[in-house]
Amino acid sequence: VTTIREYLVDGMTCGGCASSVSRAIGRVDGVRDVQVSLVPRGTSTVTVHSTGPVPAEAVRSAVAEAGYKLAGNN
Ligand code: 9UX
């Protein structure tokens with residue numbers, strides 16, 4: 001079973017950002033695929049495909065370590 005969850009990410013504005021965030025989330029346990037929808041002047045989203053639920057805190061930490069931030073309303 002694949003769990004799919006979307007998160008809003010602040011400060012992710014170009015392909016370089018997207019790639020950093022995507023790699024960071026990709027290292028979280030259970031994550032199989034990460035899709036980024038880049039909105040250069042707005043709030044971008046990442047869609048995380050995983051084998052079962054991944055703790056939101058693990059995603060939050062990964063995004064923070066990459067230098068970005070999950071939006072407040074996740
Ligand atoms: Mo692009 Mo993102 O040059 O911090 S990598 S804006």
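Modeller: Please bear in mind that this is a predicted model.

Biologist: In which strand is V48 found?

Modeller: V48 belongs to strand β3, which spans residues 44-51.

Biologist: Why does V48 count as buried?

Modeller: A residue is called buried when 20 or more other C-beta atoms lie within 10 Å of its own. V48 counts as buried because it has 23 C-beta neighbours inside 10 Å.

Biologist: Which residues does V48 touch, leaving aside those up to four places away in sequence?

Modeller: V48 touches R5, Y7, I25, V31, V34, V54 and V59.

Biologist: Which residues of helix α2 are buried?

Modeller: In α2, residues 56-65, the buried residues are V59, A62 and V63. Seen down the helix axis, these buried residues fall within an arc of 95°, so they line one face of α2. On the other side of α2, E57, A64 and E65 are exposed.

Biologist: What covers the buried residues of α2?

Modeller: The cover includes β1 (2-10), α1 (15-26), β3 and β4 (69-70). Just after α2, G67 takes a positive phi of about 100°.

Biologist: Which residues are around the ligand?

Modeller: They are T13, C14, G16 and C17. By class, this shell has 2 nonpolar and 2 polar residues, and no charged ones.

Note on methods:
Residues numbered from 1 in each chain as written. Predicted model: local features only at pLDDT ≥ 70, side-chain atom pairs only at ≥ 80, totals over all residues. Helix = DSSP H or I, 4+ residues; strand = E, 2+ residues; numbered from the N terminus. Buried ≥ 20, exposed ≤ 12 C-beta atoms within 10 Å, placed from the backbone. Contact = placed C-beta atoms within 7 Å. Near = placed C-beta within 6 Å. Nonpolar A, V, L, I, M, F, W, Y, C, P; charged D, E, K, R; others polar. Arc of directions from axis to C-beta.
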